[in-house]
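Please look over the sequence and the structure shown here.

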Amino acid sequence: MRMSGFDTPEQLPEKVELLRQAVEAKITQLTEANRAHRRKIFDLYTIFEISRHLNGMLETESLLDSILLTAIGQMGTGGAAIAIQQSPEEGKLVFVKAKGISNNRWEGVSCEAGGPLCQFLLRRNQAILLKELGERIGSQTGEVEKLAAIEAELVIPLSVKNRLEGILILTGKISGLPYSENDIEFLSILANQLAVTMENARLYEMEKNTNVRLRDTQNQLIRLEKLAALGELSATIAHEVNNPLGIIKNYLALIAPQLTPEDPNYPFYQVIKEEVDRIAKIVRQLLDFYRPKAEEIAPVDLSQILDETVVLFEKQLSSSNIEVIKNLPRSLPKIEASPAQLKQVFLNLLMNAREVMPEGGKLEVITRSENGYVEAEVADTGEGIAPENLEKIFEPFFTTKREKGGTGLGLSVCLGIISKSGGIIRAQNRTPKGAAFLVRLPVKEKI
Ligand SMILES: Nc1ncnc2c1ncn2[C@@H]1O[C@H](COP(=O)(O)OP(=O)(O)OP(=O)(O)O)[C@@H](O)[C@H]1O
Ligand SMILES: [Mg+2]
């Protein structure tokens, strides 16, 4: 039997050998392909596992640490560093963390987000050797040189939705081997996942900040609501108290001429008088604040109002050994407000400041304008406000001066007036000591 028309029995072994070789080559090729596929599956599985682990990390600091450690561990490199967009306004990617690279090499190094390096990395969206990067974008901006100074060998853009979230750089491998195609492919896929986790962390942080602001606003609203509800009630009570109080005062005035300081009842009379005066003061404050008054709203110069109030109070301040430092520019835009009420606000702040500096100190009064707002600051060098009280001091009747006759109404009156004018009032402690009260009022646009 013949195998083919042309083969002779002598040629057969040679033919078989050729076939065997061809089959062997095919088997080797398939084995290689199989190995490559297996490696790819393994790599993808690794990436999947890494992403799964990192996706749960919402805190940027620990996420960046994990990214660096993962990159170093997976690639067997000596070091890695990461740059991120620190704040979008600045338009810069700043190196913020590194492992295995000495601090003086990477700290403070940054790249312009709009510069050729970042733009190139964003377009490419794939890991690239520094050498190739240098050839592609040249050294006009010196940014490639900056990366070379960090000892970068491989540069990996971390981008998501056409935004460069960060740049990861790796130094050479510990083994001394160059980065392979496989490494670059692996890192490029990993980078996409890392960028997504970084974006998640950034969005989470943004949301956290928004929540804090929202909570602050809610707190102010709750305080104002409390103030309004309490205010109505207090005003009613104050009215009711005012009449009998008037009668008591009249009778006291009648008794007064009959009592001499030697009289055994004189001390009782004095206590009654002091206490009645205290009640009268509280009632007056409540009524002044809550009684709807026709308010003269006028364009006012905040600096002038504050200055006039300080002048009014100067005697009391200097007698307490308090040095007043004024910075009240007269060029601020005018605001629409009630001058009398603003003076009441500043007077309350000045009185509080004086009360916390019985041994003397410094009082700073400052005004300034910011876009759309004017601000006044009254700052002292007193004992400051206990952190647990910072939230409470604007509440009606909150006082730490109960024994000294404080009513705890001063600051709630300030809050009410400033809120009615569309502004805000805030308190904070100063370093090394003292408290500062900031009043911010909106400037109405001229139509
Ligand atoms: N400059 C300040 N430094 C430190 N604590 C302050 C300062 N101003 C206010 N406080 C705190 O806030 C509390 C509330 O102040 P607020 O002016 O409302 O009431 P008061 O001063 O206690 O009483 P009143 O003003 O009715 O006499 C004070 O008791 C004090 O604990
Ligand atoms: Mg007060």
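**Burial, packing and ligand contacts**

I335 is buried, with a relative accessible area of 2%; buried means under 20% relative accessible area, exposed over 50% and partly exposed in between, with a 1.4 Å probe and protein chains only. This is a predicted model, in which local features need pLDDT of at least 70, side-chain atom pairs count only at pLDDT 80 or more, and totals for chains, interfaces and linings use all residues. Residues are numbered from 1 along each chain as its sequence is written, chains are lettered from A and ligands numbered from 1 in the order in which they are written, and side-chain values use heavy atoms, with hydrogens and water left out.

Visitor: In which strand is the place of I335?

Guide: I335 is in contact with residues including A298, L342 and V443, leaving aside neighbours within four places in sequence; contact means heavy atoms within 4.5 Å. Strands are DSSP runs (E, at least two residues) and helices likewise (H or I, at least four), numbered from the N terminus. The strand that holds I335 covers residues 335–337 and is β9.

Visitor: Is K97 buried or exposed?

Guide: K97 lies in strand β2, residues 92–99. Beyond four places in sequence, K97 touches E61, L64, D65, L68, A81, I82 and W106. Because the relative accessible area of K97 is 16%, K97 is classed as buried.

Visitor: At what angle do the axes of α9 and α10 cross?

Guide: Two packed helices are described by the angle between their axes and the distance between the axes. Here the axes are lines fitted to C-alpha atoms over the stretch in contact, with angles from 0 to 180 degrees between N-to-C directions. Helix α9 (residues 302–319) and helix α10 (residues 339–355) have axes that come within 9 Å, and the crossing angle is roughly 35°.

Visitor: How many residues of the contact of α9 with α10 are nonpolar?

Guide: The contact involves residues including L306 and F313 of α9 and F346 and L350 of α10. Ala, Val, Leu, Ile, Met, Phe, Trp, Tyr, Cys and Pro count as nonpolar, Asp, Glu, Lys and Arg as charged, and the others, Gly among them, as polar. The residues divide into 3 charged, 3 polar and, for the nonpolar class, 13.

Visitor: How far does a polar side-chain atom of T400 lie from an oxygen atom of ligand 1?

Guide: T400 is among the closest of the 19 residues that surround ligand 1, counted if a heavy atom lies within 4 Å. For N352, a polar side-chain atom is 2.8 Å from an oxygen atom of the ligand. For T400, the corresponding value is 2.5 Å.

Key. Polar contact = N/O pair within 3.5 Å; in protein donor to acceptor, adjacent residues only side chain to side chain.
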